Amino acid sequence: MKKDRFGSVFNKLLSELGEPVDFELPEWIKTRTTQYTHIKRNIYLTKKAKKKFDDGIFCSCTSSPGSTGVCGRDCHCAMLLSGCSSACKCGISCLNKAFQHRPVKKLKLIKTEKCGFGIVADEDIKVGEFVIEYVGEVIDDTTCEQRLWNMKDRGETNFYLCEINRDMVIDATYKGNKSRYINHSCCPNTEMQKWIIDTETRIGIFATHDIQKGEHLTYDYQFVQFGADQDCHCGAVQCRRKLGARPTKPKTSSDAALKLVAYQVCQNGGLQIGSSRVVDQSKCLHNCIDEVIMIKKHGNVRFGIIKWFDEFSRKHKIMFEDGCVEICDMSKEDWELVRL
(Lines give C-alpha, C1' and ligand atoms only; values in the text may rest on other atoms or scores of the structure.)
Protein backbone atom coordinates (compact mmCIF):
# COMPACT_ATOMS: atom_id res chain seq x y z
CA MET A 1 0.00 0.00 0.00
CA LYS A 2 2.86 2.33 0.83
CA LYS A 3 4.38 1.71 -2.62
CA ASP A 4 1.08 2.40 -4.35
CA ARG A 5 0.62 5.64 -2.38
CA PHE A 6 4.06 6.99 -3.32
CA GLY A 7 3.58 5.80 -6.89
CA SER A 8 0.35 7.71 -7.32
CA VAL A 9 1.92 10.89 -5.92
CA PHE A 10 4.87 10.52 -8.29
CA ASN A 11 2.62 9.99 -11.31
CA LYS A 12 0.56 13.03 -10.35
CA LEU A 13 3.72 15.17 -10.23
CA LEU A 14 4.78 13.88 -13.64
CA SER A 15 1.43 14.76 -15.17
CA GLU A 16 1.62 18.29 -13.74
CA LEU A 17 5.12 18.82 -15.14
CA GLY A 18 3.94 18.05 -18.65
CA GLU A 19 6.23 17.60 -21.66
CA PRO A 20 9.96 18.57 -21.46
CA VAL A 21 10.69 22.08 -22.73
CA ASP A 22 13.91 23.02 -24.55
CA PHE A 23 15.65 26.12 -23.26
CA GLU A 24 18.98 27.90 -23.59
CA LEU A 25 21.20 29.15 -20.81
CA PRO A 26 21.54 32.94 -20.58
CA GLU A 27 24.56 34.35 -22.39
CA TRP A 28 26.15 35.59 -19.14
CA ILE A 29 26.25 32.01 -17.85
CA LYS A 30 27.64 30.63 -21.12
CA THR A 31 30.55 33.06 -21.12
CA ARG A 32 31.25 32.90 -17.39
CA THR A 33 34.93 32.24 -16.70
CA THR A 34 37.02 31.31 -13.72
CA GLN A 35 36.86 34.19 -11.26
CA TYR A 36 40.10 36.14 -10.96
CA THR A 37 41.19 39.68 -10.22
CA HIS A 38 42.51 41.63 -13.20
CA ILE A 39 45.92 43.24 -12.62
CA LYS A 40 48.36 45.13 -14.83
CA ARG A 41 51.62 44.32 -13.04
CA ASN A 42 53.02 41.39 -11.11
CA ILE A 43 52.20 41.31 -7.40
CA TYR A 44 55.09 39.98 -5.32
CA LEU A 45 54.28 37.61 -2.48
CA THR A 46 57.95 36.70 -2.22
CA LYS A 47 61.10 38.75 -1.76
CA LYS A 48 61.77 41.14 -4.64
CA ALA A 49 65.23 42.23 -5.74
CA LYS A 50 66.06 45.71 -4.53
CA LYS A 51 66.30 48.30 -7.27
CA LYS A 52 69.26 50.62 -7.49
CA PHE A 53 69.31 53.83 -9.46
CA ASP A 54 72.33 52.77 -11.51
CA ASP A 55 71.03 49.29 -12.26
CA GLY A 56 70.24 48.33 -15.84
CA ILE A 57 71.96 48.05 -19.20
CA PHE A 58 72.68 51.22 -21.12
CA CYS A 59 72.93 51.33 -24.91
CA SER A 60 74.79 53.69 -27.22
CA CYS A 61 71.89 54.31 -29.63
CA THR A 62 71.55 57.70 -31.29
CA SER A 63 68.68 59.10 -33.32
CA SER A 64 69.05 59.05 -37.09
CA PRO A 65 67.82 61.78 -39.49
CA GLY A 66 64.13 61.41 -40.26
CA SER A 67 63.57 58.87 -37.48
CA THR A 68 60.92 59.45 -34.82
CA GLY A 69 62.36 56.96 -32.33
CA VAL A 70 65.59 55.64 -30.86
CA CYS A 71 66.62 52.13 -29.75
CA GLY A 72 65.28 50.19 -32.71
CA ARG A 73 66.28 46.78 -34.01
CA ASP A 74 70.02 47.44 -33.54
CA CYS A 75 69.73 48.39 -29.86
CA HIS A 76 72.20 46.38 -27.75
CA CYS A 77 69.73 46.18 -24.86
CA ALA A 78 67.01 44.66 -27.05
CA MET A 79 69.46 42.10 -28.44
CA LEU A 80 70.10 40.95 -24.87
CA LEU A 81 66.34 40.80 -24.10
CA SER A 82 66.66 43.72 -21.73
CA GLY A 83 64.46 46.79 -21.74
CA CYS A 84 66.26 50.10 -21.67
CA SER A 85 66.66 51.38 -18.13
CA SER A 86 64.31 54.03 -16.78
CA ALA A 87 67.41 56.23 -16.70
CA CYS A 88 68.00 55.68 -20.45
CA LYS A 89 69.26 58.88 -22.06
CA CYS A 90 66.98 58.29 -25.06
CA GLY A 91 64.03 59.39 -22.94
CA ILE A 92 60.50 59.28 -24.35
CA SER A 93 61.81 58.52 -27.86
CA CYS A 94 63.10 55.10 -26.74
CA LEU A 95 61.37 52.25 -28.63
CA ASN A 96 62.76 49.51 -26.38
CA LYS A 97 60.29 49.96 -23.53
CA ALA A 98 57.45 47.65 -24.53
CA PHE A 99 56.92 46.47 -20.96
CA GLN A 100 57.02 49.91 -19.39
CA HIS A 101 54.60 51.42 -21.90
CA ARG A 102 52.63 48.16 -22.18
CA PRO A 103 51.18 48.63 -25.72
CA VAL A 104 48.98 45.56 -25.31
CA LYS A 105 47.39 44.29 -28.53
CA LYS A 106 43.62 44.12 -28.84
CA LEU A 107 42.58 40.64 -27.69
CA LYS A 108 39.20 38.92 -27.47
CA LEU A 109 38.11 36.18 -25.05
CA ILE A 110 36.11 33.39 -26.70
CA LYS A 111 34.76 29.92 -25.87
CA THR A 112 36.45 27.12 -27.84
CA GLU A 113 35.02 23.72 -28.71
CA LYS A 114 37.58 21.54 -26.91
CA CYS A 115 40.00 23.81 -25.07
CA GLY A 116 37.74 25.82 -22.78
CA PHE A 117 38.23 29.55 -23.14
CA GLY A 118 40.81 30.99 -25.49
CA ILE A 119 42.11 34.24 -26.93
CA VAL A 120 41.90 35.51 -30.51
CA ALA A 121 43.60 38.57 -31.95
CA ASP A 122 41.23 41.50 -32.37
CA GLU A 123 43.70 43.23 -34.69
CA ASP A 124 46.51 42.21 -37.04
CA ILE A 125 49.79 41.47 -35.28
CA LYS A 126 53.16 41.41 -37.06
CA VAL A 127 55.92 38.89 -36.39
CA GLY A 128 58.15 39.96 -33.49
CA GLU A 129 55.63 42.38 -31.99
CA PHE A 130 54.90 42.49 -28.27
CA VAL A 131 51.42 41.05 -27.63
CA ILE A 132 50.88 41.11 -23.85
CA GLU A 133 52.77 40.59 -20.60
CA TYR A 134 52.11 37.44 -18.56
CA VAL A 135 51.35 38.72 -15.07
CA GLY A 136 50.14 37.25 -11.79
CA GLU A 137 51.22 36.68 -8.21
CA VAL A 138 54.95 36.04 -7.92
CA ILE A 139 55.46 33.22 -5.39
CA ASP A 140 58.30 30.97 -4.26
CA ASP A 141 58.61 27.21 -4.84
CA THR A 142 57.19 26.29 -1.41
CA THR A 143 54.03 28.33 -1.94
CA CYS A 144 53.76 27.00 -5.50
CA GLU A 145 53.89 23.40 -4.29
CA GLN A 146 51.24 24.07 -1.63
CA ARG A 147 48.93 25.64 -4.20
CA LEU A 148 49.41 22.75 -6.62
CA TRP A 149 48.46 20.17 -4.00
CA ASN A 150 45.43 22.22 -2.96
CA MET A 151 44.31 22.48 -6.59
CA LYS A 152 44.77 18.75 -7.08
CA ASP A 153 42.69 18.01 -3.95
CA ARG A 154 39.91 20.22 -5.37
CA GLY A 155 40.07 18.34 -8.68
CA GLU A 156 41.14 21.38 -10.69
CA THR A 157 42.89 20.69 -14.01
CA ASN A 158 43.61 24.24 -15.21
CA PHE A 159 46.97 25.59 -14.12
CA TYR A 160 48.25 29.12 -14.70
CA LEU A 161 51.83 28.77 -13.46
CA CYS A 162 54.93 30.07 -15.20
CA GLU A 163 58.42 29.61 -13.76
CA ILE A 164 60.57 32.68 -14.31
CA ASN A 165 63.62 32.11 -12.12
CA ARG A 166 64.96 29.80 -9.48
CA ASP A 167 62.46 29.79 -6.59
CA MET A 168 60.23 32.29 -8.39
CA VAL A 169 56.94 31.45 -10.16
CA ILE A 170 54.19 33.61 -11.67
CA ASP A 171 50.77 32.26 -10.66
CA ALA A 172 47.87 33.79 -12.60
CA THR A 173 45.22 31.57 -10.98
CA TYR A 174 43.76 34.25 -8.70
CA LYS A 175 45.19 37.44 -10.19
CA GLY A 176 46.25 38.03 -13.78
CA ASN A 177 45.17 39.33 -17.19
CA LYS A 178 43.92 37.92 -20.51
CA SER A 179 47.23 36.17 -21.15
CA ARG A 180 46.14 33.41 -18.75
CA TYR A 181 43.59 32.27 -21.37
CA ILE A 182 46.04 31.80 -24.25
CA ASN A 183 45.87 28.11 -25.14
CA HIS A 184 48.65 25.64 -25.86
CA SER A 185 49.69 24.54 -29.34
CA CYS A 186 52.44 22.20 -30.49
CA CYS A 187 52.88 24.60 -33.43
CA PRO A 188 52.24 28.02 -31.81
CA ASN A 189 52.18 31.53 -33.25
CA THR A 190 53.56 33.26 -30.14
CA GLU A 191 56.27 32.54 -27.60
CA MET A 192 57.17 33.58 -24.07
CA GLN A 193 60.35 35.63 -23.70
CA LYS A 194 62.09 36.39 -20.43
CA TRP A 195 63.18 40.05 -20.27
CA ILE A 196 65.03 42.07 -17.64
CA ILE A 197 63.28 45.38 -16.98
CA ASP A 198 65.01 47.59 -14.39
CA THR A 199 66.47 44.49 -12.62
CA GLU A 200 63.05 42.78 -12.59
CA THR A 201 62.49 39.57 -14.58
CA ARG A 202 59.26 39.83 -16.57
CA ILE A 203 57.62 37.55 -19.09
CA GLY A 204 56.41 38.91 -22.42
CA ILE A 205 54.46 37.12 -25.12
CA PHE A 206 55.71 37.94 -28.62
CA ALA A 207 54.40 36.93 -32.06
CA THR A 208 56.54 34.39 -33.91
CA HIS A 209 54.46 34.72 -37.09
CA ASP A 210 52.22 37.33 -38.67
CA ILE A 211 48.83 36.92 -36.96
CA GLN A 212 45.60 38.01 -38.60
CA LYS A 213 42.59 39.47 -36.82
CA GLY A 214 40.39 36.63 -35.56
CA GLU A 215 43.25 34.11 -35.37
CA HIS A 216 43.68 32.10 -32.15
CA LEU A 217 46.75 32.99 -30.08
CA THR A 218 48.79 30.03 -28.84
CA TYR A 219 52.16 29.23 -27.34
CA ASP A 220 53.91 26.02 -26.30
CA TYR A 221 53.24 25.45 -22.60
CA GLN A 222 56.23 23.07 -22.24
CA PHE A 223 53.95 21.55 -19.63
CA VAL A 224 55.46 19.93 -16.51
CA GLN A 225 53.29 16.94 -15.60
CA PHE A 226 51.39 17.14 -12.31
CA GLY A 227 48.62 14.60 -11.89
CA ALA A 228 46.87 12.70 -14.68
CA ASP A 229 47.84 13.02 -18.35
CA GLN A 230 46.02 15.71 -20.29
CA ASP A 231 45.13 15.27 -23.94
CA CYS A 232 46.24 17.97 -26.37
CA HIS A 233 43.55 19.28 -28.74
CA CYS A 234 45.61 21.92 -30.57
CA GLY A 235 44.98 20.26 -33.95
CA ALA A 236 48.49 20.95 -35.26
CA VAL A 237 49.89 18.59 -37.89
CA GLN A 238 52.78 17.78 -35.54
CA CYS A 239 50.61 17.59 -32.39
CA ARG A 240 52.31 15.62 -29.60
CA ARG A 241 48.89 14.31 -28.42
CA LYS A 242 49.65 14.85 -24.71
CA LEU A 243 50.50 18.00 -22.77
CA GLY A 244 53.97 17.54 -21.38
CA ALA A 245 55.17 15.24 -24.16
CA ARG A 246 58.61 16.21 -25.38
CA PRO A 247 58.82 17.67 -28.90
CA THR A 248 60.10 15.20 -31.45
CA LYS A 249 62.27 16.05 -34.39
CA PRO A 250 60.01 17.03 -37.29
CA LYS A 251 60.11 14.60 -40.18
CA THR A 252 58.47 16.31 -43.10
CA SER A 253 58.93 16.42 -46.83
CA SER A 254 61.03 19.58 -46.41
CA ASP A 255 63.61 17.52 -44.51
CA ALA A 256 64.06 15.22 -47.50
CA ALA A 257 64.46 18.21 -49.83
CA LEU A 258 66.98 19.77 -47.46
CA LYS A 259 69.07 16.60 -47.31
CA LEU A 260 69.02 16.41 -51.11
CA VAL A 261 70.41 19.94 -51.31
CA ALA A 262 73.10 19.06 -48.78
CA TYR A 263 74.16 15.98 -50.73
CA GLN A 264 74.30 17.94 -53.98
CA VAL A 265 76.46 20.63 -52.43
CA CYS A 266 78.85 18.16 -50.83
CA GLN A 267 79.19 15.84 -53.81
CA ASN A 268 79.48 18.07 -56.86
CA GLY A 269 79.53 21.67 -55.67
CA GLY A 270 76.92 22.44 -58.31
CA LEU A 271 75.23 25.15 -56.29
CA GLN A 272 76.17 28.79 -55.92
CA ILE A 273 77.27 29.77 -52.42
CA GLY A 274 76.75 33.27 -51.04
CA SER A 275 79.31 34.16 -48.36
CA SER A 276 78.40 35.82 -45.08
CA ARG A 277 81.37 38.10 -45.63
CA VAL A 278 79.88 39.47 -48.84
CA VAL A 279 76.12 39.40 -48.33
CA ASP A 280 74.48 41.88 -45.94
CA GLN A 281 73.36 39.47 -43.20
CA SER A 282 70.61 41.60 -41.68
CA LYS A 283 68.93 42.28 -45.03
CA CYS A 284 69.54 38.83 -46.50
CA LEU A 285 68.29 36.66 -43.65
CA HIS A 286 65.37 38.92 -42.81
CA ASN A 287 64.09 38.53 -46.40
CA CYS A 288 65.21 34.94 -46.95
CA ILE A 289 62.69 32.91 -45.00
CA ASP A 290 62.70 29.28 -46.24
CA GLU A 291 66.11 29.75 -47.88
CA VAL A 292 68.88 27.18 -47.32
CA ILE A 293 72.08 28.13 -45.48
CA MET A 294 75.30 26.32 -44.57
CA ILE A 295 76.80 26.85 -41.11
CA LYS A 296 80.42 25.99 -40.27
CA LYS A 297 81.37 25.33 -36.66
CA HIS A 298 84.44 23.57 -35.22
CA GLY A 299 85.26 22.05 -38.60
CA ASN A 300 81.74 20.63 -39.07
CA VAL A 301 79.27 21.70 -41.75
CA ARG A 302 75.50 21.77 -41.20
CA PHE A 303 72.71 22.70 -43.60
CA GLY A 304 69.51 24.35 -42.49
CA ILE A 305 66.43 26.27 -43.60
CA ILE A 306 65.63 29.71 -42.15
CA LYS A 307 62.13 29.43 -40.67
CA TRP A 308 61.62 32.85 -39.08
CA PHE A 309 63.38 35.95 -37.78
CA ASP A 310 62.69 37.74 -34.48
CA GLU A 311 63.22 41.48 -34.85
CA PHE A 312 63.47 41.98 -31.09
CA SER A 313 66.09 39.36 -30.17
CA ARG A 314 67.68 39.54 -33.65
CA LYS A 315 67.80 35.75 -33.74
CA HIS A 316 66.70 33.21 -36.34
CA LYS A 317 64.94 29.87 -36.06
CA ILE A 318 66.82 27.34 -38.20
CA MET A 319 65.58 23.84 -39.08
CA PHE A 320 68.59 21.61 -39.78
CA GLU A 321 68.82 18.59 -42.07
CA ASP A 322 68.51 16.15 -39.16
CA GLY A 323 65.14 17.65 -38.17
CA CYS A 324 66.43 19.67 -35.19
CA VAL A 325 65.13 23.21 -34.79
CA GLU A 326 67.42 25.74 -33.08
CA ILE A 327 67.39 29.47 -32.31
CA CYS A 328 70.64 30.97 -33.66
CA ASP A 329 72.33 34.36 -33.41
CA MET A 330 73.61 34.55 -36.99
CA SER A 331 75.88 37.50 -36.20
CA LYS A 332 78.02 35.03 -34.21
CA GLU A 333 77.94 32.20 -36.77
CA ASP A 334 80.14 31.46 -39.79
CA TRP A 335 77.42 30.91 -42.37
CA GLU A 336 76.89 30.90 -46.13
CA LEU A 337 73.73 31.27 -48.14
CA VAL A 338 73.07 28.37 -50.52
CA ARG A 339 71.51 29.64 -53.75
CA LEU A 340 69.89 27.22 -56.21
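## Nonpolar cores

A nonpolar core is here a set of buried Ala, Val, Leu, Ile, Met, Phe, Trp, Tyr and Cys residues joined through side-chain atoms within 4.5 Å. In this predicted model, the largest such core holds 24 residues, of which Ile125, Val131, Tyr134, Ile164, Ile170, Ile182 and Leu217 touch the most other members. Two or more residues of this core come from each of strand S4 (117-121), strand S5 (130-134), strand S7 (161-165), strand S8 (168-171) and strand S12 (200-207). Apart from this core lies another, made of 17 residues, including Val70, Cys71, Cys88 and Phe99.

Leu217 illustrates the packing: when residues up to four places away in sequence are not counted, Leu217 touches Leu107, Ile119, Val120, Ala121, Ile125, Val131, Ile182, Asn183, Asn189, Thr190 and Ile211.

## The chain as a whole

The chain has seven helices and 19 strands, and buried residues make up 39% of its 340 residues. Among contacts with a separation of 6 or more, 65% are between residues 24 or more positions apart. The chain exposes about 21000 Å², with carbon and sulfur atoms supplying 52% of that area.

## A nonpolar surface patch

In soluble globular proteins, nonpolar side chains tend to be buried together. On the surface of this model, however, Phe10, Leu14 and Leu17 form a nonpolar patch, whose accessible area together is about 340 Å². Leu14 lies in helix H1 (residues 2-17), and Leu14 counts as partly exposed because its relative accessibility is 44%, a value between the cut-offs of 20% for buried and 50% for exposed.

Technical notes. Residues are numbered from 1 along each chain as its sequence is written. This is a predicted model: local features need pLDDT of at least 70, side-chain atom pairs count only at pLDDT 80 or more; totals for chains, interfaces and linings use all residues. Side-chain values use heavy atoms; hydrogens and water are left out. Patches are made of residues with over 30% relative accessible area and no salt bridge: like charges are joined within 9 Å, nonpolar side chains (Val, Leu, Ile, Met, Phe, Trp, Tyr) within 5 Å. Accessible areas come from the Shrake-Rupley method with a 1.4 Å probe; for residues, only the protein chains shown count as cover. A salt bridge is a side-chain nitrogen of Lys or Arg within 4 Å of a carboxyl oxygen of Asp or Glu. Helices (H or I, at least four residues) and strands (E, at least two) are DSSP runs, numbered from the N terminus. Buried means under 20% relative accessible area, exposed over 50%, partly exposed in between (1.4 Å probe, protein chains only). Contact means heavy atoms within 4.5 Å.
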